[in-house]
Amino acid sequence: MPTIKSSYLGNLRTESEHLQSGTKILSDAPVDNNGKGEAFSPTDLVASALGSCMVTIMGIIADRDNISLEGLNWEVTKIMQANPRKIEEIKVDFIWENPVNDSVFIQKLKNAAKTCPVALSLDPAIKQTLNFNF
């Protein structure tokens, strides 16, 4: 059974629906690749998925240890390569202004992020740069 149903809407735009929840996401080609840049590009979604997956797995670890990740934020920077056009690097900067004071737990979070399913699924040629600002 499919997980996602998608449609081409024209003008380099797509719509994807997560069938279980009904949530929809639009994608649009970026301005530098003939698009309008009015929504996430497909490569933006890949980069976003990496950060979200890392924090989801970190959240599982935190829940197991009964520790709140409240206030944890992250920023993702996607760097494209020109020829061939593809993702060259994804940078994820984690910002946690008031982290717990537990070095063992912090290391668990870092390990969890590096081994999330998206991180392990991406081509090794895509550099993953992680900055843990906590």
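Guide: Buried here means under 20% relative accessible area, exposed means over 50%, and partly exposed lies in between, with a 1.4 Å probe and protein chains only.

Visitor: Fine, and what kind of model is this?

Guide: This is a predicted model, in which local features need pLDDT of at least 70 and side-chain atom pairs count only at pLDDT 80 or more, while totals for chains, interfaces and linings use all residues. Residues are numbered from 1 along each chain as its sequence is written, and side-chain values use heavy atoms, with hydrogens and water left out.

Visitor: How many helices and strands does the chain have?

Guide: The chain has 3 helices and 6 strands, taken as DSSP runs numbered from the N terminus (helices H or I, at least four residues; strands E, at least two). Along the sequence they follow the pattern β-β-β-α-β-β-α-α-β, and the C-alpha trace spans about 50 × 35 × 25 Å along its principal axes.

Visitor: What share of the residues is buried?

Guide: Of the 134 residues in the chain, 26% are buried.

Visitor: Switching topic, how many disulfides turn up?

Guide: A search of the whole structure finds 0 disulfides, a disulfide being a pair of cysteine sulfur atoms within 2.5 Å. Cys53 is in none, and the nearest cysteine sulfur, that of Cys116, is 3.2 Å away.

Visitor: Is Cys53 buried or exposed?

Guide: Cys53 counts as buried because its relative accessibility is 13%.

Visitor: And what is the relative accessible area of Cys116?

Guide: Cys116 has a relative accessible area of 0%, so Cys116 is buried.
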